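Please find below a short note on the model, arranged as numbered points.

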Amino acid sequence: MKPDYDLHIHTTASDGTLTPEKIIDMAVEIGLKGIAISDHDTVAGLGQARQYLDTTSYSLDFIPAIELNTDAGEDEVHILGYFIDSKNVTLNQRLQEIHNYRYHRAEQMVSRLQKSGVKINFEQVQALAQGELIARPHIARVLVNNNYATTIREAFDKYIGRGGPGYVPRYKFLPDEAIELIKNAGGIAVLAHPGLIRDKNKVTKIINSGIEGLEVFYPEHSPEQIDELLELVRHHRLLITGGSDYHGPDSTESRSNMGSAGVSKQLVDQIKLRLTDRL
């Protein structure tokens, strides 16, 4: 059965290929009742989306969200935040620090690639990054456009992934801090695509760190993984979320089409109830 809500969507504010306005139009067109725009490490697209919605007659339920990229040892762990206050001062200060580091990291990566003989420049990366955030997928797309790789995945594997000639370590940002930032901004913290985390002990550790929900329904979760996650949800009394991780057409970052994974209105109402219980 088709979900009512897709709670994991990206726009040009981070590494998506569609603007917030186009995402909203598409969501209405395919019949979703609500969406969450959850760009990586930025809230820049949220105000843009809300302003656009206010000019339409759409009845789409819009949930302000974010996806914070963190590291737990060798695993990259993503923490989703729902119903956040996008103007929260502490959150925005930390996001600005992350934005500055990402920018300088991208500059360093391009410089290292140039020194290894790859003929690309930072201006090409900036031109692809339509939003305020510059991320590794933008560099990967430049590598593909300049025929150094045939796919984004190949660009990561050969050039900018761990061990590649252009690799620069990420900023140090732990799941615990991301959870705290989201809660301080009035939001609900959820572990994104837990089925992709190799070390299952880390999932348990993050749950014990105060996560409030698990992204159970996700395009790359198998039926067996979904059953395991639902058991974790029951055991720890967590919220259930789900989404497609849609990045737009022509993006290899998209796991599937918008609305291909998500949750019912009833499950979203449970998230809203959790927020009400805090008051």
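1. Helices (H or I, at least four residues) and strands (E, at least two) are DSSP runs, numbered from the N terminus. Glycine 31, which follows helix H1, has a positive phi, near 90°. The model is predicted: local features need pLDDT of at least 70, side-chain atom pairs count only at pLDDT 80 or more, and totals for chains, interfaces and linings use all residues. Residues are numbered from 1 along each chain as its sequence is written, and side-chain values use heavy atoms, with hydrogens and water left out.

2. On the overall make-up, the protein has ten helices and seven strands. Its radius of gyration (taken over C-alpha atoms) is 18 Å, close to the 19 Å that the globule rule (2.2 Å times the number of residues to the power 0.38) gives for 279 residues, so the protein is as compact as a globular protein of that length. The C-alpha trace spans about 55 × 45 × 40 Å along its principal axes.

3. On burial, 54% of the 279 residues count as buried (under 20% relative accessible area; exposed is over 50%, partly exposed in between, with a 1.4 Å probe and protein chains only).

4. The seven strands of an open sheet follow the order E1-E2-E3-E4-E5-E6-E7, with mixed pairing; two strands pair if DSSP finds at least two bridges between them. At the edges are E1 (5–9) and E7 (239–242), each pairing on one side only. Neighbouring strands of this sheet are turned by 35° against each other on average, direction ignored (axes are lines fitted to C-alpha atoms, for helices over the stretch in contact, and angles run from 0 to 180 degrees between N-to-C directions).

5. Strand E1 pairs with E2 (residues 34–37) in the parallel sense, over three bridges. Aspartate 6 has isoleucine 35 in E2 as its bridge partner. Helix H10 (residues 265–278) packs on the sheet and touches E1, E3 (61–72), E5 (188–191) and E7, where contact means heavy atoms within 4.5 Å. The direction of H10 makes about 130° with that of E7.

6. Which residues of helix H1 (residues 20–29) are buried? They are Pro20, Ile23, Ile24 and Ala27. These residues lie on the same side of H1 because they cover an arc of only 100° around the axis, the arc being that of the directions from the helix axis to the C-beta atoms. Their cover includes E1, E2 and helix H2 (44–54). The face of H1 turned away from the buried side carries the exposed residues Lys22 and Glu29.
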